[in-house]
Amino acid sequence: MTHSAPSTATPLPNGLRRDLTPPARAWLDQALAEAAQGMTPTTELRLAEAARRCGRPHADTARILILQAALPTPADLTRVYHRGTAEERRAVLHSLPHLVAGPEALPLVEDALRTNDTRLLTAALGPYAARHLSAHLWRHAILKCLFTGVPVTGVAQLAARAHGDAELARMLADFAAERTAAGRPVPDDLHRVLALTDPEAAPPLPAPDGGGPHGKES
């Protein structure tokens with residue numbers, strides 16, 4: 001856990017407070033106050049209700065705020081993830097960098113990377129995966145993004161992890177050759193990632209939070 005539980009409910013971001021209807025604001029304020037007491041069955045119910053109460057455009061943000069207020073343990077997050085809908089799983093994945101300091105939640109990322117749900121794939125490749133996912137799994141996740149059409153612009157720390165990665169370059173070249181031989185187009189994103197693997201290119205600047213590639217191996 002990265003920080004201690006707050007003594008009061010999490011305040012709503014100004015933009016979200018403005019966009020929610022008064023009943024939705026009242027519901028979310030109450031849900032955050034309840035979540036500040038810890039991860040309880042009531043808090044899990046609030047996660048399930050978020051779309052109905054706040055509207056689908058705001059549900060992801062509401063769920064993430066509730067999780068951050070509750071400060072769940074990795075075991076709590078695992079339970080919520082496996083019991084939840086795809087939307088609840090996405091919220092768990094987006095919350096990982098704020099809630100889990102170490103690699104304990106990597107099985108959730110790995111599970112999401114096995115799916116063909118493109119929104120789950122995008123959520124799985126956030127800052128938490130950038131810090132903790134092994135090079136082998138990260139490389140295959142990049143290939144899966146290219147195969148399923150997930151934009152690589154959403155991959156956290158892509159430039160830092162791809163820089164000078166000769167094995168990733170080889171895998172990308174093989175993938176491009178297979179597509180070309182089959183008469184299928186090579187995704188534009190493949191060329192973007194391949195350029196990032198060039199060891200002669202200027203190395204990327206460190207991430208603002210100090211996060212960078214972890215678990216890299218040849």
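Which hand does the crossing of H5 and H6 have? The crossing is left-handed, meaning that the near helix is turned anticlockwise from the far one by less than a right angle (clockwise would be right-handed). Before going on, note that this is a predicted model, where local features need pLDDT of at least 70, side-chain atom pairs count only at pLDDT 80 or more, and totals for chains, interfaces and linings use all residues. Residues are numbered from 1 along each chain as its sequence is written, and side-chain values use heavy atoms, with hydrogens and water left out.

**Helices H5 and H6**

- Helix H5 covers residues 74-83 and helix H6 covers residues 86-99; helices here are DSSP runs (H or I, at least four residues), numbered from the N terminus.
- Their axes come within 9 Å and cross at roughly 160°, with axes being lines fitted to C-alpha atoms over the stretch in contact and angles running from 0 to 180 degrees between N-to-C directions.
- That makes H5 roughly antiparallel to H6 (over 145 degrees; under 35 is roughly parallel, 65 to 115 roughly perpendicular, and the rest oblique).
- On the H5 side, the contact (heavy atoms within 4.5 Å) is made by Leu77, Val80, Tyr81 and His82, and on the H6 side by Arg89, Val92, Leu93, Leu96 and Leu99.
- Sorted by class, that contact of H5 with H6 has seven nonpolar, one polar and one charged residues; Ala, Val, Leu, Ile, Met, Phe, Trp, Tyr, Cys and Pro count as nonpolar, Asp, Glu, Lys and Arg as charged, and the others, Gly among them, as polar.

**Helices H10 and H12**

- Helix H10 (residues 135-148) packs with helix H12 (residues 166-181) at an angle of about 30°, and their axes are 10 Å apart.
- The two helices are therefore roughly parallel to each other, and H10 passes H12 in a right-handed crossing.
- H10 brings Trp138, Arg139, His140, Leu143, Leu146 and Phe147 to the contact, while H12 brings Glu167, Leu168, Met171, Leu172, Phe175 and Arg179.
- The class count for H10 with H12 is eight nonpolar, one polar and three charged residues.

- Leu113 sits in helix H7 (residues 106-113).
- With a relative accessible area of 12%, Leu113 is buried (under 20%; exposed is over 50%, partly exposed in between, using a 1.4 Å probe and protein chains only).
- Leaving aside residues up to four places away in sequence, Leu113 touches Leu121, Ala124, Leu125, Leu133, Ala141 and Lys144.
- Leu113 and Ala123 are 10 residues apart in sequence and 9.5 Å apart in space, C-alpha to C-alpha.

**Cysteines**

- Cys54 counts as buried at 8% relative accessibility, and Cys145 is buried at 1%.
- The count of disulfides is zero, going by pairs of cysteine sulfur atoms within 2.5 Å.
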